Amino acid sequence: MKIAIVPGSFDPVTNGHIDIIKRTAELFDEVYVGILINSSKKPLFTVEERIELLKKVTKDIKNVKIESFCGLLVDFARAKKASCIVKGLRAVSDYEYEVQMALTNKQIAPEIETLFIPTNGLYSYLSSSIVKEVAKYGGDLTQMLPNEIIEVIQNKIGGKQ
Ligand code: ADP
């Protein structure tokens, strides 16, 4: 049984994340999407909301489970008996940080591998922060998010103004 973790903040989940989750689900028997609870960041969506949104957009992928975690990613991976952490790479700018994280994780948990999957070219520009910025000013989000998330973010950001 090959198990992978796809970690992130997912604030909110974008088409770029979904693409990486789907491709990981093709490669592994079981995939845990791990939402990192990071007390130093101020997220737009609560952890419960992010879990619910991720569950909604991955409901058709049978081998994907959504969970949140705090603390070290490798501890979460070990708890789930995962052998691999999967990260999407958008651009060279992601690379330096991601390699540093991968090497650190390898140092503290040598049995866990990190696998990088290059972004789908359609989504190489896409991040959760870009989505929030576009939503704030009422821009078109149809290429960036599934429809059900567009509605939720518009309500949330609209409600904030
Ligand atoms: P963001 O950087 O959008 O705030 P996260 O912190 O939730 O996203 O990122 C979690 C993981 O998802 C990271 O490995 C990141 O590189 C990857 N990822 C985010 N957006 C994309 C995208 N558009 N294409 C491929 N991978 C992505």
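I began with S128: one of its backbone N or O atoms lies 2.8 Å from an oxygen atom of the ligand, a polar contact being a pair of N or O atoms within 3.5 Å. The model is predicted, so local features need pLDDT of at least 70 and side-chain atom pairs pLDDT 80 or more, while totals for chains, interfaces and linings use all residues. Residues are numbered from 1 along each chain as its sequence is written, and side-chain values use heavy atoms, without hydrogens and water.

I then looked up two further contacts. A polar backbone atom of F10 is 3.0 Å from a ligand oxygen, and a side-chain N or O atom of R90 is 3.0 Å from a ligand oxygen. Taken alone the ligand exposes 530 Å², of which the protein buries 88% (Shrake-Rupley method, 1.4 Å probe).

Next I listed the shell around the ligand.

Last, I checked the pocket. The ligand sits in the largest pocket (more than half of its atoms lie within 2 Å of the grid points). A pocket is an open set of points on a 1 Å grid over the protein atoms alone, where a 1.4 Å probe fits, with protein on both sides within 12 Å along at least five of seven lines; lining residues have an atom within 4 Å of a point. Of the 45 lining residues, P7, G8, S9, K41 and K87 are closest to the pocket centre. I noted α4 as the largest contributor to this lining, with eight residues.

Methods: A polar contact is a pair of N or O atoms within 3.5 Å; within protein, one must be able to donate a hydrogen and the other to accept it, and residues adjacent in sequence count only if both atoms are side-chain atoms. Helices (H or I, at least four residues) and strands (E, at least two) are DSSP runs, numbered from the N terminus.
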